[in-house]
Amino acid sequence: MHRTLLAVPVLAATLVAAAPASAAPESSPVPVAGRWEPAPPTPPFDYPAGARCDFPVHAETVLDEVVQQVLESNPDGSHKWVAYKGPLIVRVTNTATGASLDVDAGGSAVVRARPDGSQSWFVLGPVLTTFRENGGTLPRGLYRLDGAYTLDIDANRDKQLTMLHGTAENLCPRLDRAAGAS
């Protein structure tokens, strides 16, 4: 997601500033460009042992105050460019042992969605994501990415991480160690 250290903040600022105000009526059920509103809730997820970590994992939100601003829509009304920001805390649990971590995943992002289902994420700050075996640029795991980076997700859900500055921490070892410490 990162091309240069300044690319992400400059792109995000440019896109947010360039978002046109919409003349759509207030009662419109579709998010209106230029207005921040609650993003769809972050759904819980589960992975069996071996899919992301060596043990089964469950994740659910503890705090979700993420808002979105539609920057551009496709002719069919689907979102093409959307900005996201706001607090997001996700509890990830090793369901074999009950060990858990509360993870800050409240980064700011501008996301480009394509008709084929692929996406490009331009991010500042932390997000929580997973990589499956041979599914991208990081080994299998449950990751907290933090910093300035891009994440390109193709139609098959393979992920290409380009880190300009920051960290990619696989949380599986921490959840496994937390279980051993209990």
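**Close-up views of a predicted protein chain**

The protein chain of this predicted model has an average pLDDT of 85, and 80% of the residues score at least 70; pLDDT is the predictor's confidence in each residue, from 0 to 100. Residues are numbered from 1 along each chain as its sequence is written. Local features need pLDDT of at least 70, side-chain atom pairs count only at pLDDT 80 or more, totals for chains, interfaces and linings use all residues, and side-chain values use heavy atoms, with hydrogens and water left out.

**View 1. The protein chain and its elements.** Two helices and twelve strands are found in the protein chain; helices (H or I, at least four residues) and strands (E, at least two) are DSSP runs, numbered from the N terminus. Their order from the N terminus is α-β-β-β-β-β-β-β-β-β-β-β-β-α. Of the 182 residues, 38% are buried, where buried means under 20% relative accessible area, exposed over 50%, and partly exposed in between (1.4 Å probe, protein chains only). Contacts are defined by heavy atoms within 4.5 Å; among those between residues at least 6 apart in sequence, 54% join residues at least 24 apart.

View 2. Over residues 1-29, pLDDT stays under 50. For this stretch the model has 48 contacts beyond four places in sequence. Where pLDDT is low, the predicted coordinates should not be read in detail.

**View 3. The open sheet β2-β3-β6-β7.** Four strands form an open sheet in this order, with antiparallel pairing; two strands pair if DSSP finds at least two bridges between them. Strands β2 (45-47) and β7 (100-104) stand at the edges, and each has a single partner strand, so one side of each is left without a neighbour in the sheet. On average, neighbouring strands of this sheet are turned by 20° against each other, direction ignored; the axes are lines fitted to C-alpha atoms, for helices over the stretch in contact, and angles run from 0 to 180 degrees between N-to-C directions. Five bridges join β6 (residues 88-94) and β7 in the antiparallel sense. Valine 92 has leucine 101 in β7 as its bridge partner.

**View 4. The disulfide of cysteine 53 and cysteine 172.** One disulfide is found in a search of the whole structure, the criterion being a pair of cysteine sulfur atoms within 2.5 Å. The sulfur atoms of cysteine 53 and cysteine 172 are 1.9 Å apart. The pair links distant parts of the chain, 119 residues apart: cysteine 53 lies in the loop between β2 and β3 (57-64), and cysteine 172 in helix α2 (residues 172-181). The link is left-handed, with -70° about the S-S bond. Both cysteine 53 and cysteine 172 are buried.

**View 5. Valine 67 and its surroundings.** Valine 67 belongs to strand β4 (residues 67-73) and counts as partly exposed because its relative accessibility is 21%. Between valine 67 and tyrosine 84, 17 residues apart in sequence, the C-alpha to C-alpha distance is 5.7 Å. Leaving aside residues up to four places away in sequence, valine 67 touches Trp36, Glu37, Pro38, Ala39, Ala83, Tyr84 and Lys85.

View 6. Asparagine 134, a residue other than glycine, has a positive phi near 55°. The loop between β10 (127-131) and β11 (141-153) holds asparagine 134, which counts as exposed at 71% relative accessibility. Arginine 157, also not a glycine, has a positive phi of about 75°. Arginine 157 is placed in the loop between β11 and β12 (159-170) and, at 40% relative accessibility, counts as partly exposed.
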